[in-house]
Structures are given as C-alpha cells and as structure tokens.
Amino acid sequence: MRILLQVVTDASVTIDHEKVAHIDKGFLIFVGFTQGDDLTIAKKMAEKVCKLRVLPDENGKTNKSLMDVCGTILSVSQFTLYASVKEGNRPAFTSCMNKDEAKSLYEEFFAYLKTLMPSAQSGVFHADMDVGLTNNGPFTLILDSKELFA
C-alpha cells in the first residue's frame with residue numbers, strides 16, 4: 001500500500017462541476033493498493049497517517065500531529081501510485097490491485113480512518129475527479145507499507 005501525503009491549507013474534490021468533498025487545514029492523501037495488501041496493512045497505514053508529527057509546533061519544528069492541531073484528512077483513491085514506467089514511455093499498471101478488490105479495501109480503509117479521524121472526507125472511488133489543493137510548505141511524503149512494516 002502506498003500513500004502520497006500532502007500537508008494542505010485546503011483541498012477539495014469536484015466531480016462533474018459539483019464539489020463532493022472539501023477540507024481546510026490537514027492532509028490530502030492519495031491511496032493506492034497492490035497485490036497482497038489487506039485490511040491489516042490498511043489499518044496500520046491509517047494509524048501512521050494520523051499519528052505523523054509533521055506539523056509545526058510553536059517553535060516552527062515539525063512536532064505536532066494532525067490531531068494536535070484539529071486538522072482533518074481528504075482521502076482520494078489513486079491506483080496510479082503503483083504504475084511502472086520502467087520499460088518504455090507508457091505506464092504499466094500490472095502491480096495495481098484489481099479494481100473490485102481495491103474498491104473493497106479502500107472502503108474498509110476509509111471506514112477505519114473515519115474511526116480515527118471522524119471529520120475525514122473522501123473522493124469517489126474510480127470516479128473522474130478534479131482534485132484541488134493548496135500545498136502548505138510544500139510538505140509532501142510518500143508512505144510505502146513495504147518499507148514501513150516489512
């Protein structure tokens with residue numbers, strides 16, 4: 001499982017000119033799954049995101065979590081996090097979890113994330129979404145479950 005996390009001052013998801021999700025300060029996370037990912041991994045990743053101390057304290061040091069600053073999360077499914085451009089110039093998606101399994105796991109991941117961060121919002125799985133954000137910092141991290149929990 002991979003998560004691309006961006007610290008934002010605001011973020012939103014629009015589908016067909018209709019805003020379906022919006023947050024103010026917090027994290028915009030793009031979430032992708034590969035074969036072998038499961039709910040255990042998804043829960044660990046959700047917990048990691050919520051506990052990350054990457055926000056500034058009163059001294060400007062990255063020492064506070066999202067919960068410490070009353071922020072929230074906008075979660076967006078993103079299968080292309082497992083795209084490969086190793087060969088040629090066109091991405092291959094053979095490492096991506098199949099759509100049906102990914103949808104189920106994403107829904108379970110987001111439901112668990114909501115237990116940790118009740119204000120969390122989500123885009124719409126497999127929809128053509130316009131994602132808008134104001135990246136703060138900029139501060140962007142890539143979390144890979146194989147590196148974190150191997």
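Let's start with Ser145: in this predicted model, is Ser145 buried or exposed? Ser145 has a relative accessible area of 5%, and since buried means under 20%, Ser145 counts as buried. You'll find Ser145 in helix α3, which covers residues 145-148. Leaving aside residues up to four places away in sequence, Ser145 touches Met1, Asp37, Ile41, Met45 and Ala150.

Keep Met45 in mind, please, as that takes us to the next helix. Met45 is one of the buried residues of α1, together with Ala42, Ala46, Val49 and Cys50. Viewed down the axis of α1, these buried residues fall within an arc of 135°, so they line one face of the helix. Over on the other side of α1, Thr40 and Lys51 are exposed.

What do the buried residues of α1 pack against? The partners are β1, β3, β6, α2, β8 (130-144) and α3. As for the length of α1, 13 residues at 1.5 Å a residue should span 18 Å, and the end C-alpha atoms are 18 Å apart, which agrees.

Now on to α2, residues 99-116. Here, 18 residues at 1.5 Å a residue should span 26 Å; the end C-alpha atoms of α2 are 25 Å apart, and that agrees too. Which residues of α2 are buried? They are Ala102, Leu105, Tyr106, Phe109, Phe110, Tyr112 and Leu113. Down the axis of α2, the buried residues fall within an arc of 165°, so they line one face of this helix. The buried residues of α2 pack against β1 (2-15), β3, α1 (39-51), β6 and β7 (121-122).

Last stop: the largest pocket. Rolling a probe the size of a water molecule over the atoms shows where empty space is left. The largest pocket holds about 340 Å³ of space. There are 18 residues lining this pocket, and the closest to its centre are Ser77, Gln78, Phe79, Phe125 and His126.

Where does the lining come from? β3 (26-32), β6 (72-77) and α2 each supply at least two residues of it. The largest share belongs to β3, with three residues. And if you sort the lining by class, you get eleven nonpolar, six polar and one charged residues.

Key:
Residues numbered from 1 in each chain as written. Predicted model: local features only at pLDDT ≥ 70, side-chain atom pairs only at ≥ 80, totals over all residues. Heavy atoms only, no water. 1 Å grid on protein atoms, 1.4 Å probe; cavity = no way out; pocket = protein on both sides within 12 Å on 5 of 7 lines; lining within 4 Å. Points joined across faces, edges and corners; volume = space filled by probe spheres on them. Helix = DSSP H or I, 4+ residues; strand = E, 2+ residues; numbered from the N terminus. Nonpolar A, V, L, I, M, F, W, Y, C, P; charged D, E, K, R; others polar. Expected span 1.5 Å × (residues − 1). Buried < 20%, exposed > 50% of the residue type's maximum accessible area, 1.4 Å probe, protein only. Arc of directions from axis to C-beta. Contact = heavy atoms within 4.5 Å.
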